[in-house]
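Hello,

Here is the structure we discussed, with the sequence. My notes follow below it.

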Number of protein chains: 2
Amino acid sequence: MSTTTKTYGVDAADQPLRPSYIERRDLRPDDVAIEILYCGVCHSDLHQARNEWGNSRYPMVPGHEIIGRVTAVGSAVSMWRMGDSVGVGCMVDSCHACSSCQEGLEQYCEEGATFTYNSVDRHDRSPTYGGYSERIVVDQKFVLRIPAGLPLQAAAPLLCAGITTYSPLRHWRIGPGMQVGVVGLGGLGHMALKFAAALGAEVTLFTRSEDKKSEAIRLGAHEVILSTDAEQMSLAGHRFDFILDTVPHPHDLNPYLSTLKRDGQLVLVGVLEPIAPPVQARLLIGGRRSISGSVIGGIAETQEMLDFCAKHSITADIELLDIKDINQAYERMLDSDVRYRFVIDMATL
Amino acid sequence: MSTTTKTYGVDAADQPLRPSYIERRDLRPDDVAIEILYCGVCHSDLHQARNEWGNSRYPMVPGHEIIGRVTAVGSAVSMWRMGDSVGVGCMVDSCHACSSCQEGLEQYCEEGATFTYNSVDRHDRSPTYGGYSERIVVDQKFVLRIPAGLPLQAAAPLLCAGITTYSPLRHWRIGPGMQVGVVGLGGLGHMALKFAAALGAEVTLFTRSEDKKSEAIRLGAHEVILSTDAEQMSLAGHRFDFILDTVPHPHDLNPYLSTLKRDGQLVLVGVLEPIAPPVQARLLIGGRRSISGSVIGGIAETQEMLDFCAKHSITADIELLDIKDINQAYERMLDSDVRYRFVIDMATL
């Protein structure tokens with residue numbers, strides 16, 4: 001048994017998204033049914049719709065920045081009630097048994113987490129379909145509570161862009177007195193500026209665009225360094241405790257490494273494959289610096305992030321989108337022509 | 001005023017080492033004069049003698065694994081007496097003022113430490129000359145005490161190969177219950193096996209040579225993984241907390257990254273320039289793994305390491321060398337034909 005559900009999906013890497021229908025499963029005992037109100041548009045939606053990571057399954061329904069309301073709950077559900085404002089992010093399940101899952105770090109599940117779309121359900125091996133859709137059915141443990149007071153549409157990007165930047169800032173204990181750099185001002189970068197500032201750090205944006213300065217300051221940066229200006233970069237040598245690099249395509253990391261203090265950390269959240277030009281080992285060795293990576297965050301930490309956002313009045317800066325414009329929105333995203341995240345108004349479906 | 005001092009030096013990148021004379025300064029108030037008994041031969045001696053790092057100054061006297069006896073002390077020297085068994089490692093001075101120096105991490109001195117050779121004295125701008133020499137004059141703060149009971153000739157390599165591997169193992173808090181990998185079994189690798197085992201870790205050597213297995217076990221490894229065997233490498237996936245990579249030339253780091261657990265660290269101590277083939281970002285991001293680097297260790301930590309060696313009866317495995325054979329030793333070092341460190345008997349000078 002299942003419920004026919006209206007979506008926007010894609011049938012092949014070279015096809016545009018178009019209206020389509022899928023089947024959503026009937027509720028298992030632990031499931032929650034959610035009417036989707038808003039869904040953010042993530043760069044990885046585009047990567048996967050176009051099979052740029054080589055692992056796409058079609059038909060695909062993208063979307064993992066989902067905000068909605070609970071419309072039904074399974075027989076064993078105790079955490080949620082009809083009408084609750086909830087979110088679903090990048091994951092809908094994991095193994096629950098490995099050390100990462102046991103520590104609440106489901107994103108690093110050793111068996112691999114079940115992703116919200118372009119993945120396979122662990123129980124019935126059916127494909128998972130994402131949030132460009134009128135409804136979704138999700139295990140209650142992977143549902144997030146949207147705190148009262150957070151505007152729903154601007155909260156959608158928190159489920160991916162938000163947690164992806166919040167998690168490393170928390171893991172590496174960013175706080176007052178620390179010099180934090182953020183590379184890139186897109187969907188992730190603009191959240192990183194807000195979070196790093198709210199955590200009390202001294203925040204600097206690295207950007208290639210002089211004209212982003214006033215925007216960066218508005219979003220929480222205390223300073224902007226033009227990464228194309230060798231003199232500005234040189235003056236920033238040995239300055240930063242931590243740099244969060246949000247740029248989702250290959251670029252030279254070496255100039256950023258030089259701006260780290262001894263024991264400084266450069267953390268990648270964009271999937272740049274490969275890291276080119278190559279990293280100079282002496283920049284690591286000479287200052288005991290590190291390059292690390294981080295992916296989204298665990299479910300408990302995602303809830304913590306949402307609560308932090310409510311407390312600090314943080315949401316994403318968004319442009320609300322009619323779903324019929326989704327293909328055009330992908331092109332604009334490729335041109336970095338969005339401030340700073342598209343969110344689909346699912347009422348337009 | 002100065003003292004003419006017999007050495008083995010090199011006059012140009014394409015010349016062999018040969019007997020020569022330099023001038024050693026008269027003692028400043030804080031200086032200690034040391035009669036050199038033994039000097040280890042480090043791979044970086046060869047790199048610099050041949051100007052492979054592009055920063056060589058000639059004439060050059062290599063050598064920074066120095067063991068000797070105090071023969072004279074300056075008027076302000078309180079720490080040392082005639083006849084003390086002492087060591088000198090890679091550094092002979094630093095700025096003493098930056099945060100790294102204040103924290104006892106002179107190797108990361110923000111002005112750049114003064115190295116034992118191929119460097120310039122901070123006071124009189126004279127060149128520094130290393131340990132392939134009958135004597136050396138060094139500021140008392142950069143002299144190490146050789147604990148009673150450590151055999152002097154086998155202690156020489158501790159001053160570079162020892163501290164270079166000990167420092168990262170301590171910084172990343174290696175201890176019981178941890179899975180530690182060591183890449184490469186040379187001068188550094190053989191010390192890393194001994195230290196990691198003495199610190200209580202479960203130690204695995206990664207090597208390309210099947211025939212190094214029994215040696216590795218003798219030196220402290222509990223297991224050996226043949227890095228050229230894809231199946232062995234695959235079976236080691238997600239296993240290690242920490243890998244110390246001692247290989248001093250470019251090689252693929254990606255297979256090692258795959259063997260790290262979530263939050264695992266790969267630490268480079270060899271200067272591989274550049275890191276090629278490029279690192280796959282998804283191996284960092286997918287497990288919050290890090291690549292870091294580390295260089296030698298601070299003076300206080302070097303003393304701690306020497307005391308640790310005395311307590312645990314750790315020294316280097318060496319081949320004692322007549323200094324007239326130094327050029328041949330460089331060739332054998334290039335062929336990895338040394339178990340595991342050459343030490344020059346300075347009585348042969």
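The buried residues of α11(B) are covered by, among others, β1 (2-9), β3 (31-41), α1 (43-49), β16 (318-321) and β17 (341-345) of chain B. Please keep in mind that this is a predicted model. The buried residues in question, in helix α11 (residues 326-334) of chain B, are I326(B), A329(B), Y330(B) and M333(B). They lie on the same side of α11(B), because the arc they cover around the axis is only 105°. After α11(B) comes S336(B), which has a positive phi, near 55°.

Two of those helix residues turn up again in the core. I326(B) and Y330(B) are among the residues with the most contacts inside the largest nonpolar core, as are V41(B), Y132(B), L193(B) and F195(B). That core has 95 residues, and β3(B) gives the most to it, with 7. Domain 1 (2-159 + 315-348) and domain 2 (162-293) of chain B both contribute residues, so the core lies between them. A second, separate core has 94 residues, including C42(A), I66(A), L185(A) and F342(A).

Elsewhere in chain B, strand β14 (residues 260-268) has 7 of its 9 residues buried, so it is largely enclosed by the rest of the structure. Strand β13 (residues 240-245) runs parallel to β14(B), joined by 5 bridges; F240(B) is paired with L260(B). Strand β15 (residues 290-293) is also parallel to β14(B), with 4 bridges, and here Q265(B) has S290(B) as its bridge partner.

Regards

Technical notes: Residues are numbered from 1 along each chain as its sequence is written. Chains are lettered from A and ligands numbered from 1 in the order in which they are written. This is a predicted model: local features need pLDDT of at least 70, side-chain atom pairs count only at pLDDT 80 or more; totals for chains, interfaces and linings use all residues. Side-chain values use heavy atoms; hydrogens and water are left out. Buried means under 20% relative accessible area, exposed over 50%, partly exposed in between (1.4 Å probe, protein chains only). Helices (H or I, at least four residues) and strands (E, at least two) are DSSP runs, numbered from the N terminus. The arc is that of the directions from the helix axis to the C-beta atoms. Contact means heavy atoms within 4.5 Å. Two strands pair if DSSP finds at least two bridges between them. A nonpolar core is a set of buried Ala, Val, Leu, Ile, Met, Phe, Trp, Tyr and Cys residues joined through side-chain atoms within 4.5 Å. Domain bounds come from an automatic or database domain assignment.
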